[in-house]
Amino acid sequence: PIDQNTWIGYGHTFGDGDCFDESVKFTSIVLVKGLEEDLRLSNDKKINFYKLIPLYPEELDYKMAKGDIDEFLDIAEDLSTIIDIQRKNYCK
């Protein structure tokens with residue numbers, strides 16, 4: 001974000017299309033909300049908490065085709081936030 005003068009937030013994906021490691025097929029990650037409610041400080045500033053979820057190439061393609069991550073999260077409703085390198089591919 002600093003190099004490209006931009007910001008990161010909910011639904012943003014990161015990855016260059018290469019597998020993270022030969023033992024897994026994930027090629028990107030997506031930021032999703034870490035808490036249902038944002039934390040508010042006494043000066044009314046907001047703190048967002050995010051989780052990183054690894055995505056298979058097909059899942060990233062689905063997310064990009066739909067334009068946001070919410071539709072993917074709807075079909076992956078049982079997706080755990082604990083990383084399982086053998087988890088099913090929701091878009092295969």
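Author: We take the sheet, then the salt bridges. The model is predicted, so local features need pLDDT of at least 70 and side-chain atom pairs pLDDT 80 or more, while totals for chains, interfaces and linings use all residues. Residues are numbered from 1 along each chain as its sequence is written, and side-chain values use heavy atoms, without hydrogens and water.

Reader: In what order do the strands of the open sheet lie?

Author: Strands of a sheet pair through backbone hydrogen bonds, either parallel or antiparallel. A strand here is a DSSP run of E of at least two residues, and a helix is a run of H or I of at least four, both numbered from the N terminus; two strands pair if DSSP finds at least two bridges between them. In this model the order is β1-β2-β5, with antiparallel pairing. The edge strands β1 (13-14) and β5 (50-55) each pair on one side only. Between β1 and β2 (residues 28-33) there are 2 bridges, and Phe14 stands opposite Ile29 in β2.

Reader: How many salt bridges does the structure hold?

Author: A salt bridge is a side-chain nitrogen of Lys or Arg within 4 Å of a carboxyl oxygen of Asp or Glu. The structure holds 3. One joins Arg87 to Glu59, with the closest N and O atoms 2.8 Å apart. Arg87 lies in the segment after α2 (70-75) and Glu59 in helix α1, so this pair ties together parts 28 residues apart in sequence.

Reader: Are Arg87 and Glu59 buried or exposed?

Author: Buried means under 20% relative accessible area, exposed over 50%, and partly exposed in between (1.4 Å probe, protein chains only). Both Arg87 and Glu59 are buried. Arg40 forms a salt bridge with Asp44 at 3.9 Å, and Asp44 is exposed, at 53%.
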